[in-house]
Amino acid sequence: MTKGLTSKAALERLDKYGPNELEKGEETTPLDVLIDQFKENILIWILMVAAVVSYAANEMAEFYFVVAIIIIVAAMGFIQEWKAEKAMQELQKMAASSVKVYRDGKIKDVPSRELVLGDVISLEMGDKIPADAEVVQSNNLKVDESILTGESEAVTKHDGDEIYSGTVVARGRCESKVQKTGMKTKLGEIAGELQEETVDTPLQRKTKDLAKKIGYLAVLVSIVLFGIGFMAGVERELILTVTIAVAVAVVPEALPLTMTVTLSLGMKDLAKKNALVKKMLAVEGLGSTTVICTDKTGTLTKNEMTVKQIYAGGERYEVTGTGYSSKGEILKDGEPVDLKENESLDLLIKTGSLCNNALIHYEGDEEEVHGEPTEAALVTLGEKAKYGTEKLREKYNRVEEILFTSERKRMCTIHEDPDNKIPRAFMKGAPEYVIERCSHILIDGERKSLTEDFKKEILEQNKRYAQGAMRVLSFAYRDDPPVCPEEDEVEKEMTFLGLTGIIDPPREEVPEAIRRCKSAGIQVKMVTGDNSDTARAIAQRIDLTDNPRVITGAELDNMSDEELSNVIEDVDVYARTHPGNKSQIVKALQAHGEVVAMTGDGVNDAPAVNHADIGIGMGIKGTDVTKEASDMILLDDNFGTIEKAIEGGRKIYDNIEKFVTFLLSRNFTEVILIAAILGFTRNFALLPLGAMQILFLNMIGQTGPGMGLGVDPADKGIMDRPPRDPNKELLSTRNIFLITSMAIMMVSMATVSFYYGLTNGDIDLARTMAFTSISVMIVVNAYNFRSLDKTIGQFNPFKNKFIILASLITIPMILLTLYYEPLQTVFGNVPLGRNEWLIAGGSGLATIGLLEVVKRITTILDL
């Protein structure tokens with residue numbers, strides 16, 4: 001019978017069932033990113049309305065000015081987000097490109113997307129499994145399923161067992177029959193959960209709310225003034241002029257651009273720190289994070305098993321180094337060990353390297369691992385002992401192997417021993433299963449009877465290692481065994497060598513990153529597929545907490561929503577979880593008002609990453625599904641990068657508050673000034689500022705200083721304060737008080753300037769005076785707005801070089817509108833003399849002291 005399908009049958013099934021790939025949304029194009037700039041930015045829509053009104057009123061200068069603003073804002077957002085999208089596409093190259101398949105009775109390389117039900121595929125160590133399949137024929141097969149389960153230990157598979165798409169053959173080989181492809185696989189089921197609609201980030205919600213309020217205010221004030229003018233019999237053209245001016249005054253034209261630049265530069269800064277943010281508005285969400293839910297394997301730990309302790313010949317040894325690097329030493333009491341003088345230790349390490357199917361290729365400081373993590377750890381131990389695994393295996397040629405199985409829990413290999421001219425068997429496995437096959441123990445180079453006292457000492461040492469979250473393996477050997485695959489003939493009367501304690505080491509930077517998170521009032525919760533004891537020990541080792549409270553996935557499954565709500569805040573570690581548990585945890589925390597960040601790399605993390613307020617994927621070991629679901633990707637898979645990103649997010653939000661308060665105080669000044677003078681005089685001809693003057697103030701005058709505030713350095717102690725209340729609005733009580741108080745005081749100063757200029761009945765001079773007064777306020781108060789609570793004597797107002805640069809650019813531009821004739825015509829300004837400058841400039845400078853008074857009042861009132 002021909003193995004596998006015919007090419008014709010495969011093609012028919014491909015047409016019927018479709019390609020073996022996960023469903024994705026339509027590919028993101030530059031046009032999609034450009035359209036998003038308009039869909040997600042309500043302030044741009046307000047500017048578009050202002051442009052339409054200007055065009056309808058035939059105010060073409062205002063129209064072109066506003067259109068230019070819209071283009072600049074959209075372009076800035078587009079450039080940064082398209083860069084992030086391109087970087088994301090570069091990361092999505094994990095999928096297997098081809099697989100060996102039996103077609104027409106012959107083995108062929110076929111693109112993995114063309115696999116169909118019934119195909120027979122051939123897989124070897126290191127291959128990524130391209131579809132869910134049933135094992136038909138296998139040899140010593142182990143599969144790394146950590147991508148699905150979070151478990152770091154490879155799973156033994158037998159004929160008839162299922163293997164799953166996205167997992168990796170860690171050992172052995174097999175031929176398997178494809179059962180499910182594409183979205184029908186377990187990987188596809190998880191990906192399907194990600195089709196749910198994602199929620200807005202905190203900043204998206206707040207920005208939309210602020211934009212709506214500004215929009216409502218613009219419409220309300222325009223309608224009121226239009227109504228007043230209409231009832232007073234004012235000419236239609238004049239009413240439209242005033243309406244446009246008011247609409248332009250209400251809308252903070254500099255806000256979209258300043259917000260875009262601030263977030264764009266924030267994204268760029270985070271990217272330099274290996275944090276790729278996919279969407280600009282997600283940057284600030286990091287700063288409001290209150291809880292981080294993180295997987296253990298590969299995120300808090302390296303997913304690189306490492307031998308740390310050895311018990312051999314009745315002695316205890318320590319092993320330095322981490323991961324699969326050959327850098328490290330074997331020590332006793334802190335001193336390097338001479339292996340030539342310790343036969344038990346020497347033979348144990350050689351056993352670990354020979355009774356082993358893993359390989360590690362070293363190129364400089366890089367390692368390429370082939371095989372399961374535990375065996376790779378033993379190979380690494382041999383490299384630290386300077387044995388050279390490949391040379392050792394060439395010297396001791398393997399002639400037989402008795403496979404490890406889940407029932408036997410041990411492995412045995414037989415090798416030619418060129419030194420003794422006889423075969424020698426080497427065994428490794430779980431301590432109790434190795435000890436039962438041993439009759440002797442090697443102590444000080446001498447074989448001694450394995451007495452009950454020796455066994456008790458070995459098992460006590462095994463217990464100590466296990467309680468330290470170590471995976472324990474034991475080792476034994478036998479000289480001159482029969483060369484055959486019969487375990488009962490080979491595995492008897494063996495000599496016990498010792499134990500190794502193996503850990504999946506925490507990343508070096510994790511304890512410090514967790515300490516910083518705690519200092520910042522951020523909870524860190526471990527969510528893992530590992531067992532409770534291992535998870536608890538790892539939590540203690542990384543300083544998550546001294547006495548972690550642990551709940552298992554089984555317990556979560558049996559909890560009602562109310563029961564989970566009662567304990568969710570107190571649990572530190574969630575062990576033995578499945579993907580549904582992780583989303584359950586995130587949603588329960590969100591129900592408590594927490595802003596949740598979820599870190600993850602495996603497919604099992606993707607649904608929770610998608611449901612979290614801030615989803616954080618891993619760029620190196622992360623799967624495509626999780627990267628797609630995330631808001632931010634750690635390019636170095638470094639948990640410590642999260643702490644830096646959170647600090648950056650907090651800084652960004654602080655700066656957003658600064659420039660929003662700064663810009664709106666100026667907008668309120670213009671609106672109140674216009675409404676007060678026109679409402680009091682009922683004379684629309686006394687419009688104190690023209691539309692082009694307002695546009696200049698709002699866009700050119702304020703944008704530079706506003707951007708300077710947007711990149712203000714972080715305050716000291718920014719990571720020593722608790723997270724910001726996620727429900728706190730951008731316009732908090734304090735900020736509203738600052739805006740309104742400053743607006744009233746600045747209106748008073750601008751009114752003085754306006755009426756001083758009007759003493760001779762020159763409306764152009766009066767408007768120029770008001771324009772100049774507000775311009776001075778913009779430049780000088782940018783320095784004071786570097787802090788919204790500290791007075792100018794409590795910080796260095798000149799530390800921000802960008803504000804200084806903005807001042808050096810803005811001041812000449814203001815002067816050009818006053819003294820350069822072509823611009824005088826555009827903006828309706830006239831030159832000012834010395835006395836006018838004293839009044840206009842003096843009134844602007846006076847607001848510095850007034851702002852200091854307002855800050856003190858906010859402190860006294862604890863706003």
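Helices (H or I, at least four residues) and strands (E, at least two) are DSSP runs, numbered from the N terminus. The structure is a predicted model, in which local features need pLDDT of at least 70 and side-chain atom pairs count only at pLDDT 80 or more, while totals for chains, interfaces and linings use all residues. Residues are numbered from 1 along each chain as its sequence is written, and side-chain values use heavy atoms, with hydrogens and water left out.

Helix H16 comprises residues 452–467. The expected span of a helix is taken as 1.5 Å times one less than its number of residues. For the 16 residues of H16 this gives 22 Å, and the end C-alpha atoms are 22 Å apart, which agrees. Ile 458, Gln 461, Asn 462 and Tyr 465 are the buried residues of H16, where buried denotes under 20% relative accessible area, exposed over 50%, and partly exposed in between (1.4 Å probe, protein chains only). Viewed down the helix axis, these buried residues fall within an arc of 105 degrees, so they line one face of H16; the arc is that of the directions from the helix axis to the C-beta atoms. An α-helix has 3.6 residues a turn, so residues three or four places apart point the same way. Exposed residues on the other side of H16 are Glu 452, Asp 453, Lys 456, Lys 463 and Gln 467. The cover over the buried residues of H16 includes strands S10 (306–312), S11 (315–319), S19 (438–443), S21 (471–479) and S22 (494–503), together with helix H15 (431–435); contact here means heavy atoms within 4.5 Å. Ala 469, which follows H16, has a positive phi near 65 degrees.

Strand S21 also takes part in strand pairing, being joined to S18 in the antiparallel sense over six bridges. Two strands are said to pair if DSSP finds at least two bridges between them. In this pairing, Arg 424 stands opposite Asp 479 in S21. Strand S18 (residues 422–429) is mostly covered, with seven of its eight residues buried. S18 is also antiparallel to strand S17 (residues 410–417), to which eight bridges join it, and Arg 410 is placed opposite Gly 429 in S18. The hairpin of S17 and S18 has four residues between the strands. Lys 421, in the loop between S17 and S18, has a positive phi of about 60 degrees although it is not a glycine. With 71% relative accessibility, Lys 421 counts as exposed. Asp 480, likewise not a glycine, has a positive phi of about 55 degrees. Asp 480 belongs to the loop between S21 and helix H17 (487–490) and is partly exposed, with a relative accessible area of 47%.

A nonpolar core is defined as a set of buried Ala, Val, Leu, Ile, Met, Phe, Trp, Tyr and Cys residues joined through side-chain atoms within 4.5 Å. The largest such core has 78 residues, of which Leu 255, Ile 656, Phe 659, Ile 674 and Leu 689 touch the most other members. Helix H25 (residues 639–681) gives the most to this core, contributing 13 residues. With its neighbours within four places in sequence left aside, Phe 659 is in contact with Leu 255, Thr 258, Met 259, Thr 262, Gly 706, Leu 709 and Gly 710. Another core, of 35 residues, lies apart from the largest one and has Val 524, Val 573, Ala 575 and Met 632 among its members.

Thr 810 counts as buried at 3% relative accessibility, and Ser 807 counts as buried at 6%. The side chain of Thr 810 reaches the backbone oxygen of Ala 806 at 2.7 Å. A polar contact is a pair of N or O atoms within 3.5 Å; within protein, one must be able to donate a hydrogen and the other to accept it, and residues adjacent in sequence count only if both atoms are side-chain atoms. Beyond neighbours within four places in sequence, Thr 810 is in contact with Ile 700, Gly 701, Pro 705 and Val 779. On the corresponding basis, not counting residues up to four places away, Ser 807 touches Val 779, Tyr 783 and Pro 812.

Helix H31 (residues 834–860) has 27 residues and should span 39 Å at 1.5 Å a residue; its end C-alpha atoms are 40 Å apart, which agrees. Among the buried residues of H31 are Glu 836, Ala 840, Gly 841, Ser 843, Leu 851 and Val 854. The buried residues of H31 pack against helices H27 (733–757) and H28 (763–784).
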